[in-house]
Amino acid sequence: MSADKTKPLTKVLCCLSDLEDGEARGFDPFKIGRDTVFVVRRSDKVYAYRDVCPHYGSTPLPWKKNAYLTRDAQHIFCSAHGATFDIETGTCTLGPCLGQSLTSVQIAISQAGEIRLFLEPEEGPIRTPVATG
Ligand code: FES
C-alpha cells in the first residue's frame with residue numbers, strides 16, 4: 001500500500017506524561033535507525049525540532065541518546081562544536097552558527113495527551129516516511 005502523497009504524514013511520538021518538565025527526547029519516527037526529531041518539554045509546552053544542527057551539514061546534535069540540553073537544561077546544545085539554541089525559538093544564541101535556527105517540526109498534543117508529529121508531504125523530511133492512521 002502506498003501513502004497518499006497529498007495528506008500530511010503523522011506519527012505519535014509519545015505521551016506528554018512520558019516527558020518530565022525540562023526533559024528532551026529524540027525519536028526515530030520513520031524507523032531509519034537514528035533519531036531524526038526531538039522534543040523538549042517546558043512546563044505544559046512542548047517544542048519540536050529536526051535533529052540537525054544548522055552549523056554543519058546534517059550533523060545531529062547529541063553525543064549520546066537524548067543529550068539535547070545544556071547541563072542546566074536552559075538551552076538546546078549541539079555537542080559537535082558547542083552551539084546553544086533557545087528552546088522556545090530554536091535560534092542559536094551562542095556558537096559558530098549564531099543567529100541561525102534549528103528547523104522546527106509541527107506537533108500537536110491531543111486531548112488524550114499524545115504528542116503527534118505532522119509533516120507535510122512536500123517537506124521531504126527525513127528519508128522515506130511512512131504514513132499512518
Ligand atoms: S555541527 Fe553543531 S555546532 Fe557545529
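# Reading burial, salt bridges and strand pairing

Visitor: What is the relative accessible area of Glu88, and how is Glu88 classed?

Guide: Glu88 has a relative accessible area of 34% and is partly exposed, where buried means under 20%, exposed over 50%, and partly exposed in between (1.4 Å probe, protein chains only). This is a predicted model, in which local features need pLDDT of at least 70 and side-chain atom pairs pLDDT 80 or more, while totals for chains, interfaces and linings use all residues. Residues are numbered from 1 along each chain as its sequence is written, and side-chain values use heavy atoms, with hydrogens and water left out.

Visitor: Which residue forms a salt bridge with Glu88?

Guide: A salt bridge places a side-chain nitrogen of Lys or Arg within 4 Å of a carboxyl oxygen of Asp or Glu. Here the partner is Arg42, with the closest N and O atoms 2.7 Å apart. The pair links distant parts of the chain, since Arg42 is in strand β3 and Glu88 in the loop between β6 (84-86) and β7 (92-94), 46 residues apart. Arg42, at 22% relative accessibility, counts as partly exposed.

Visitor: How many salt bridges does the whole structure hold?

Guide: Three are found, and among them is the contact of Asp35 with Lys65, whose closest N and O atoms are 2.6 Å apart. Asp35 is buried at 16%, whereas Lys65 is exposed at 52%. Another joins the side chains of Glu23 and Arg25 at 2.9 Å, N to O.

Visitor: Where is Lys11, and what does its side chain reach?

Guide: Lys11 belongs to strand β1 (residues 9-15), strands being DSSP runs of E with at least two residues, and helices runs of H or I with at least four, numbered from the N terminus. Lys11 is buried yet has no salt bridge, and the nearest side chain of opposite charge, Asp28, is 8.7 Å away; for such charges, Lys and Arg count as positive and Asp and Glu as negative, with His and the chain ends not counted. The side chain of Lys11 does reach the backbone oxygen of Pro29, at 3.4 Å.

Visitor: How many strands does the chain have, and which strands pair with β3?

Guide: The chain has nine strands and zero helices, and two strands pair if DSSP finds at least two bridges between them. Strand β3 pairs antiparallel with β2 (residues 24-27) over four bridges, and six bridges join β3 to the antiparallel β4 (residues 45-50). Ala24 stands opposite Val40, and Val39 opposite Ala48. Because five of its six residues are buried, β3 (residues 37-42) is largely enclosed by the rest of the structure.

Note on methods
Polar contact = N/O pair within 3.5 Å; in protein donor to acceptor, adjacent residues only side chain to side chain.
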